[in-house]
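User: Could you walk me through this model, starting with whatever sits around the ligand?
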Amino acid sequence: MTLDAEAVLGRLSELRAGDPPTHGGRVLSYVYDPGLAGLDDMVAAVVDEVLPVNGLDPTTFRSVGVLESELVGFMRELLHGDADVVGSATSGGTESCLLAVKTARDVWRAAHPEGRPRLLAPVTVHAAFQKAAAYFDLVLDLVPTAPDGVVSAADVVARLGDDVALVVLSAPNYPFASLDPIAEVAEAASAAGVPLHVDACIGGLVLPFWRDDADAELPAWDFRVPGVTSVSADLHKYGYAPKGVSVLLQRGRDRQRHQYFATTRWPGYPVVNPTILGSKSAVPLAAGWAIAEGLGVEGFRELGESCLRATRALRAAIEGIEGLRVVGEPVGPLFAVATDESVAPEQRVDPHHWADAVRGLGFVLQLQPALAPLPSTTHLTITPVTESVLPELTSALVAGADAVRGVPHVDASALLGGLPPLEALAALDSDTAWALLQGIGIGGGAELPDAQAPLVALIEALPASVAERLLVELLGRLVEPREV
Ligand SMILES: *Cc1c(COP(=O)(O)O)cnc(C)c1O
């Protein structure tokens with residue numbers, strides 16, 4: 001047998017060359033580059049060491065249990081958990097969020113033999129919680145926020161009740177980076193006997209070092225707040241680990257044991273899993289552990305401070321661009337940018353055209369659809385490497401705005417005109433959905449469109465169920481085997 005590794009790897013490099021660069025601060029979402037060369041080499045050595053290990057069974061691969069215990073210990077200390085806080089490493093933020101909800105649902109069910117539990121959270125909570133409610137059959141109760149993405153504690157507290165299995169707040173949320181009113185809600189939730197999860201998936205390893213706009217420390221948002229019963233934090237974000245590692249910390253062993261699935265009722269090995277996956281790679285856990293070991297709290301602090309300086313510089317730069325504004329009161333190395341409606345229409349900059357223009361100048365920003373009363377926005381996530389590209393990035397942001405100033409938001413009615421009446425779209429089959437997408441010029445060839453403003457305008461204009469169905473079709477077709 002021959003294995004032509006060279007040819008295979010050649011093809012892989014060719015495909016990777018079409019991706020946006022994952023290093024160097026060119027993509028302001030999805031990737032978290034600490035800008036430390038030695039870190040990549042260490043992670044490569046970690047991959048070499050643990051690649052064949054099955055992370056499923058820490059009683060066979062004892063190293064896995066030690067790594068997980070040490071990583072959970074590191075995070076517990078950082079997030080001020082006491083000896084009553086225990087946890088697990090998961091495959092990422094989504095799995096940590098799913099398991100927080102699954103735990104709460106099972107605790108709730110143990111106390112309520114009948115009824116359907118409710119998941120209560122601001123509308124800005126990560127979509128992973130919508131997924132959790134769908135997977136685990138909870139009623140999803142999303143609390144509206146102000147148009148700047150800030151939720152009022154009173155609005156959340158007013159909706160507490162005996163059927164609420166879990167309240168979720170974010171530190172901070174992803175779309176606008178608002179830091180939810182955790183202490184206020186925690187007090188009321190705890191008085192009502194309702195558990196509170198803090199989603200610090202993105203903030204967990206950077207908010208401990210953050211300071212507000214007045215350079216003061218943030219209010220407590222982690223286990224220092226007595227009513228907080230669980231916290232999620234992603235090592236594959238500001239822990240700079242490769243994708244596939246997060247932690248879920250829970251207060252109280254008895255509570256946390258509801259996270260597990262265990263069965264001895266099959267003829268194979270006993271299955272006792274704290275997480276969703278069975279067999280799994282130990283690489284992301286080992287890499288997350290190695291980086292935490294190598295950097296320590298002081299290393300994360302230095303990197304966090306670089307993010308803070310770059311975030312302040314970028315926010316100031318954008319506030320200085322006519323026609324754009326930073327939305328709300330962002331806390332942490334991320335924020336959203338919207339049109340400044342206080343200037344004349346010809347001076348306004350549409351955030352989606354802006355993102356498309358800036359992409360043409362070499363920096364990838366992320367378009368976020370409007371969700372009334374929240375405006376259309378463009379999202380930026382800042383990482384430590386951003387500081388080293390600030391001059392170039394700032395010029396691109398300014399030039400991008402100059403290029404599209406006065407161009408109105410994409411008028412979706414032109415796109416919608418190509419679609420049949422909405423009533424006819426209630427139940428689309430796959431071929432009809434695909435034909436509709438092609439009819440409006442999306443997903444025709446193998447190439448995805450570069451300009452994303454029209455696609456997002458379409459999402460904004462369509463009823464959510466139709467937009468979701470069309471996107472499922474687009475993504476489904478993307479990975480179908482291609483005719484050769
Ligand atoms: C990223 C993120 C998640 C989900 O994380 P994945 O790692 O993408 O699965 C959840 N909550 C917040 C606030 C996040 O930023």
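Analyst: One polar side-chain atom of His236 is 2.7 Å from an oxygen atom of the ligand, which is a polar contact, meaning a pair of N or O atoms within 3.5 Å. This is a predicted model, in which local features need pLDDT of at least 70, side-chain atom pairs count only at pLDDT 80 or more, and totals for chains, interfaces and linings use all residues. Residues are numbered from 1 along each chain as its sequence is written, and side-chain values use heavy atoms, with hydrogens and water left out.

User: How far from a ligand oxygen are the polar side-chain atoms of Thr94 and Lys237?
Analyst: For Thr94 the distance is 2.5 Å, and for an N or O atom in the side chain of Lys237 it is 2.9 Å. The protein covers 85% of the 380 Å² of accessible area that the ligand has on its own, with areas from the Shrake-Rupley method and a 1.4 Å probe.

User: Switching topic, is Trp434 buried or exposed?
Analyst: Trp434 counts as buried because its relative accessibility is 16%, and buried means under 20%. Trp434 is placed in helix H13, residues 430-439.

Conventions:
Polar contact = N/O pair within 3.5 Å; in protein donor to acceptor, adjacent residues only side chain to side chain. Helix = DSSP H or I, 4+ residues; strand = E, 2+ residues; numbered from the N terminus. Buried < 20%, exposed > 50% of the residue type's maximum accessible area, 1.4 Å probe, protein only.
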